[in-house]
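Subject: Structure for you to look at

Hi there,

Here is the structure I promised to pass on. Have a look at it first, and then read on for what turned up when I went through it.

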Amino acid sequence: MSTIEQTAALAYPALQPPRRYLFGPGPSMVHPRVYEALAKPIVGHLDPYFIQVMGDVQQLLKPAFGTIGGATLVISGTGSAGMEAAVANFVDAGAKLAVFANGYFSDRLTEMAKRNGANVVRFEKNWGEIYTDDEARDFIGREKPKVVAYVHAETSTGALQSGRVICAAAHEAGALVIGDCVTSLGGVPVAFDQTGIDVAYSCTQKGLSCPPGLSPMAISQRAMEFLRACTTAPRSWYLDLKLIHDYSTVSHRYHHTAPISMFYALREALTVIADEGIENRWERHRLCNRAFVKGIEAMGLKMHVPEQHRIATLNTVCVPERVDEAKVRRRLLDGPGIEIAGGFGPLAGKVFRIGVMGPLATEDNVQFFLKEFKRALSAEGYLI
């Protein structure tokens, strides 16, 4: 071994990541079967075996999204790539986009749309609030947009927004609907067909219990018709859904070199969900959420979002007075190795963001977390 090689070996020892319990808003814990899938030998991105893997993933995504007639495909990129694909392909320059803005990710969607030249109008609400049916109808009826966008499960606030009336009002106005399902897919029902969403995007690292790197999407028949009728290409070549759909579903002509191992991982994650049963999975997360909230309230703590509007997989717990939430989070990380997140934007320092999803969504894990959380709070002066 040369001197340079010896120096490199000393400077860069073998990877030994710390053991963490990922109770944050994402990434979530990865199922052991998914790790095994990541280690499988790769094939080429045009290999018949990989084409079959893509096809399997598309079919396995349908029950997770709750669609029969909609098209499903996967973007090679994180959930933000799915967001940008939705904007780039369905919001033309100059078109009016109506955004229900009540959290960080509706703001990100707004920024992407503005960069694509959209005429963005926003219905502003405080972070953590949701929109009533009447408010949704009035906003869409007044603005008459070409496209409507809302966040189904807002990661920054823990609030779950029903989209049924939003979609119905949008369709009455002749508009398409984009739904951000990054935090909901795999953990709570998306009900794509029943809700009437036209374009939904998500990610792999939250409710699907898979590493980050891909963005699953569902596209309604009316949205596919919109795509086919488009005569101008979107500004983004990489995120051109016509090209991606053709590569992954129709001709399988080369578009880009897909991340083979991540598709293996997603296929296995979706198979794990299929083995459990998607409705059983939703119920497991719902029961764990109930146990979690019961334990939180027993400590005298409050939830940021009212019960009927909470995301079952992501909890926002109000920080008690005179407690430094950053120090609590540091105690959890340095001690038992538990990762949770704090708030940001208007909620900075005001909430803990705590995810209970995937492999961690069990009664034993909930009780383990509550015990350690109580200990960390007590160490920072909170009297329980």
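Predicted model: local features only at pLDDT ≥ 70, side-chain atom pairs only at ≥ 80, totals over all residues.

Ile260 belongs to helix 11, which covers residues 260–276. With a relative accessibility of 7%, Ile260 falls under the 20% cut-off and so counts as buried. Which residues does Ile260 touch, leaving out those up to four places away in sequence? They are Ile42, Val43, Gly44, His45 and Phe50. Glu380, by contrast, is 120 residues from Ile260 in sequence, and the two C-alpha atoms are 46 Å apart in space.

Phe50 turns up again in a helix pair. Helix 3 (residues 48–65) packs with helix 10 (residues 241–250) at an angle of about 105 degrees, and their axes are 9 Å apart. That angle makes the two helices roughly perpendicular. On the helix 3 side, the contact is made by Phe50, Met54 and Gln58; on the helix 10 side, Tyr247, Ser248 and Thr249 meet them. Sorted by class, this contact has three nonpolar residues, three polar ones and no charged ones.

Another pair to check in your viewer is Glu279 and Pro63. They are 216 residues apart along the chain, yet their C-alpha atoms are separated by 9.5 Å. Glu279 lies in helix 12. Is Glu279 buried or exposed? Its relative accessible area is 59%, so Glu279 is exposed.

- Strand 3 and strand 5 (residues 147–151) run parallel and are joined by three bridges; Val99 stands opposite Ala149 of strand 5.
- Strand 3 and strand 4 also run parallel, joined by six bridges; here Leu97 stands opposite Val120 of strand 4.

Why is strand 3 described as largely enclosed by the rest of the structure? Five of its six residues are buried.

Last, helix 14 (residues 363–379). At 1.5 Å a residue, its 17 residues should span 24 Å, and the end C-alpha atoms are 25 Å apart, which agrees. The buried residues of helix 14 are Asn365, Val366, Phe369, Leu370, Glu372, Phe373, Ala376 and Leu377. An α-helix has 3.6 residues a turn, so residues three or four places apart point the same way. What do the buried residues of helix 14 pack against? Their partners are helix 12 (278–298), helix 13 (325–334), strand 12 (338–339) and strand 14 (351–355). After helix 14 comes Gly381, with a positive phi near 95 degrees.

Happy to talk any of this through once you have had a look.

Best wishes

Methods
Residues numbered from 1 in each chain as written. Heavy atoms only, no water. Axes fitted to C-alpha atoms, helices over the stretch in contact; angles between N-to-C directions. Helix = DSSP H or I, 4+ residues; strand = E, 2+ residues; numbered from the N terminus. Parallel < 35°, antiparallel > 145°, perpendicular 65-115°, else oblique. Contact = heavy atoms within 4.5 Å. Nonpolar A, V, L, I, M, F, W, Y, C, P; charged D, E, K, R; others polar. Pairing = 2+ DSSP bridges. Expected span 1.5 Å × (residues − 1). Buried < 20%, exposed > 50% of the residue type's maximum accessible area, 1.4 Å probe, protein only.
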